Amino acid sequence: MTEHDPQPGRLDPVAEHLADPGQRLDIARLGVWLFLSTEVLFFGVLFVGFTLYRRSYPAEFVAASGHLNLWLGGFNTLVLLTSSLFVALAVLGADHGDRRSSTRYLMATLTLGLVFLAIKAFEWHQEYQEHLVPGLNFNLPDTDAGWAAHEQLFFCLYFIMTGVHAFHMVAGSGVLAWLILRGWRGRGPLSQTESIRIESTALYWHFVDIVWVFLLPLLYLTGFG
Amino acid sequence: MTLAQIPLFPVSASEHATQVDYLFLGLMAVSAGVVLLLTFLILFSIMRYHAGSAADRTPPRINTRRLEITWTVLPMIIFTGIFAWGTSLFLDREKPGETPKEIYVIGRQWMWEIRYPDGRREHDRLHVTLGEPVRLIMTSEDVIHSFFVPALRVKQDVVPGRYVTLSFTPNRCGEYPIYCAQYCGTAHAEMVGVLDIMTPVDYAAWLAGGVPPDSLAAQGRALFAEKGCAGCHTPGAAVHAPRLEGLFGKQVPLADGRFVTADAQYIHDCILLPHRNVPAGYEPIMPSYQGQLRETEVIALVEYVKSLRPPAADMRGPEVGRPDPEMKQKETPAP
Amino acid sequence: MNESYLTAGGNGFRSWLLTRDHKRIAILYLISISVFFMFGGAAASMMRAQLATPKGDVVTSEVYNRLFTLHGVIMVWFFLIPSIVTVLGNFLLPLMIGAKDLAFPRLNLASWYIFVLGGLLALYAILLGGVDTGWTFYTPYSSTYSNSYVILMAMGVFIAGFSSIFTGLNFVVTTHKMRAPGLHWFRLPLFVWALYSTSVILVLATPVLAITLALVALERLMGVGVFDPKLGGDPLLFQHLFWFYSHPAVYIMILPGFGVISEIIPCFARKQIFGYHFIAFASISIAVLGFVVWGHHMFVSSQSLYAGVVFSFLSFIVAVPSAIKVFNWTATLYKGRIELATPMLYALGFIGLFTIGGLTGLFLATLAVDVHLHDTYFVIAHFHYIMVGGMVMAYIGGMHFWWPKITGRMYPEIWGQLSALIIFVGFNLTFFPQFILGYMGMPRRYHAYPEQFQFLNVLSSAGASILGVGYLLPICYLSWSLVRGPKASRNPWNATGLEWTLADSPPTVHNFDEIPVVDCEPYLYDPAELANVKGDIT
């Protein structure tokens, strides 16, 4: 389990000149946490922008939020939270070097991730049909131009925020797929390198999950209470 | 061009400008002092301690920590002093108790439109009277511009969608350039105007020349009727809309619990972004006039609303649609 | 006998373009940023030619507006921000801490490719006709009104931003986790402290710029009103978001320069640096405080007056650590044994010019004065004194200092000293008159100006030609030295530091035969000794 990957260097993200396995794990962890902190700032700007405009146009934002499908949003949240459970179980399996178990849990994670994306795509399609996509076909009949512009602002931020989130999900899904392929192709217990990769990916997946947990109330539950 | 003609310092056309110059010179003195001191120390070290010299190099016995703290605290004290001076001058631009003359300025690519309350309009030229405090109320029709008069040492970014103010009291006659200081497109460098500070006599003469136009408030009154505002904002109208008489300057309770002052920005937003400030007790049903009114027209409407005195205060106020039946009742005292 | 990194593993394109060696990646960056510097410098030359006459008839206003945008975008994002960090930092960080490479070598190479991709997009935007918004992209001009390739340029900068983030991430992890045994934090060279502080800003600030530019691009693409007041948006929101990144960005640009000066001065004064701990803490505090002063770019923007007061006060505070550094460097010279070699000339020039630039920053932090000076040539002079008089001098000085280590060759000293002087004179002639122009009221970004400003503008343009010569000279003689310069010994300056005492000139691929153990403080120079002393690090 703690053996050095027999093929150092090919796709090894951590410097191969570091022989000490503890050091390699340490370095990978610090790297991933730093990367996630940049993502916090990246999403943070969008959250700040949304909050500021929500304060400026409370009525319009409440009305706009009402167009969203809370059932689908809520169900998607359950899907994503469960996928996080599976990826955590994959890490547990990887800790024990259990190739089969961790790979299977990664597959479950990926499956739920794809379910999430499918539901999101369906939601967007619904919103498209209701003429709620700014820049494409946004149109609110029987509303005056000023009000409509502010509801459009909500939807602009909605699509940008869920779009950026979905992009991160797609990237994460791609990495999961690659890990699963390597998991199946390899033999014997997981190497330390593979274990580091699974843990790093799991951290990233958890982060994307947490972002969604904040997005849901902000976008879907505006105006409740 | 002789050396004497090279200007190094702009003319000062207000007391504030002169004060800013003193502060600037103070900063120059501090900076020159620091630069001279450091230059001396460095040159001294280079000359005395260059590689070939036999000067004594035994390390000096000083408390380094104390030295570090000294040259940390001393600059902080000096900086705090400069900060305080600069801040007080900055916050002090409009003296309390003054009633400045308000003039509207609208920036647009690539000119300055000046609208006086008496209805006079100019572009790229602003006439003011010597010694009279002025407050410019400014907005932009398109991108961000910046109204800059070096002779007054003042500048204010002019932002679309909001009113900003710039106050000054001129104390020197003459013509001074107005520049646009915020890059705004192709002809940014050509958006140059003239501030003409005139004696009261000359100003009166300038006023006398030319046909007196409708005052801004009168222009606003015409718009009020033409654009249909009177349809709702009239006593007795079918739609429940706020009364505008005496509104300007009052505190308005909003539907979401906030209180705002009904100033120029408030009136501007009510017309163009009505859902931003819905007054308490009213439905958010006012249509937005965004795109239907130019900023120059909004200014006229603001001046008109400003001119509407509360019903009891001035019976001879401008007529707002039909006479108010309540007002009529107050006129006839009870027997 | 180990081969140097320059020739080991072959010398073909593939071995360079697929390298994972931090030293080769540094050279790749050196070539790229030098190319970008040429573009940015060419734009500046045309601008100064235009401004020699008041009517400005060298180029039209449309072209001029695109030129100053090009100059700003290229110089800030494709030259200054990468320069010391990606060339000297990449090369020296592992050497200085006794490591064989950075923590993530492949990520390092990816950073370079991402940088080049971003740069190519920016150049493509320029080729198509350029952008005319200024490097600051203020809305609603950039998001709604400008008729130029804003989206393409914004995407180029967006992509290049990831290069910054990954490099910063790499440096932070490397510094935390890969120091040689015995090399605890307060034994690190100050250049490492500077790189670390810079990296923290790179990691935390750059994402904000990325998403802000993405929002501008989306606004142009989708026509929505995030920043457009006609649709309920707020143009000032853009300014807050932009400057939240761009103020820390200027510290990204200058902190590495401070680090270089902290290495050069002790070596050429032959004396331990004065106030090591204070300089180290000053670097960190600049990085932290740099995040809370962004509003000083917006005093007249119509932000609240009281926000202005707070930002002004904090801006004065952030000047204090920089002042501390200048005092410490000056104190290091006292009772030293000073040699005016080329790197030292650049370092001394840095101290003078940076001090002037920093002091003029106080003018701009002062509220009442900034109202007059904002958006005038005073601001331009201020930031060029820091960026060019400071940072570029530090970069060139550092390149000269570490040239023998990087290339194994020495450059001709007399040409080095001559160029330093020419640059110093040319620089001051170019930019000092601009302080005066600014107070007189000449605004920025003007392609033509009123006649009374001409004399000072002519001085400035004359200075620019001298400065241009000054920059061309090192390019010539440094290139010449690659082929004909005398071979350098391992430690020609008798400097302390692991890169000098243990690594060859140029170093081998893996830097060290075995990881050193460090047991003493840095900068153990002794000015009393006449003979040259080697550093005492085993």
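Two residues are in contact here if their C-beta atoms, placed from the backbone, lie within 7 Å. Keep that in mind for the views below, which come from a predicted model.

**View 1. Where chain B meets chain A.** Here 10 residues of chain B are in contact with 10 residues of chain A. On the chain B side, you'll find 4 nonpolar residues, 4 polar ones and 2 charged ones.

**View 2. Where chain C meets chain B.** This contact draws 69 residues from chain C and 68 residues from chain B. On the chain C side, the elements that put in two or more residues are helices H3 (61-80), H6 (141-145), H9 (235-269), H11 (305-333), H12 (342-365), H13 (367-373) and H15 (413-440) of chain C. H11(C) hands over the largest share of that side, with 13 residues. Sorted by class, the side of chain C that touches chain B has 43 nonpolar residues, along with 19 polar and 7 charged.

**View 3. Two helices packing inside chain C.** Zoom in on helix H4 (residues 83-97) and helix H7 (residues 150-177) of chain C, whose axes sit 11 Å apart at an angle of about 15 degrees. Angles under 35 degrees count as roughly parallel, so H4(C) and H7(C) are roughly parallel to each other. The crossing of H4(C) past H7(C) is left-handed.

**View 4. The residues between H4(C) and H7(C).** From H4(C), the contact uses C:Val85, C:Thr86, C:Gly89, C:Leu93, C:Pro94 and C:Ile97. H7(C) answers with C:Thr167, C:Phe171, C:Thr174 and C:Thr175. Taken together, the residues of this contact split into 5 nonpolar and 5 polar, with no charged ones.

How values were computed
Residues are numbered from 1 along each chain as its sequence is written. Chains are lettered from A and ligands numbered from 1 in the order in which they are written. This is a predicted model: local features need pLDDT of at least 70, side-chain atom pairs count only at pLDDT 80 or more; totals for chains, interfaces and linings use all residues. Helices (H or I, at least four residues) and strands (E, at least two) are DSSP runs, numbered from the N terminus. Ala, Val, Leu, Ile, Met, Phe, Trp, Tyr, Cys and Pro count as nonpolar, Asp, Glu, Lys and Arg as charged, and the others, Gly among them, as polar. Axes are lines fitted to C-alpha atoms, for helices over the stretch in contact, and angles run from 0 to 180 degrees between N-to-C directions. Angles under 35 degrees count as roughly parallel, over 145 as roughly antiparallel, 65 to 115 as roughly perpendicular and the rest as oblique. A crossing is left-handed if the near helix is turned anticlockwise from the far one by less than a right angle, and right-handed if clockwise.
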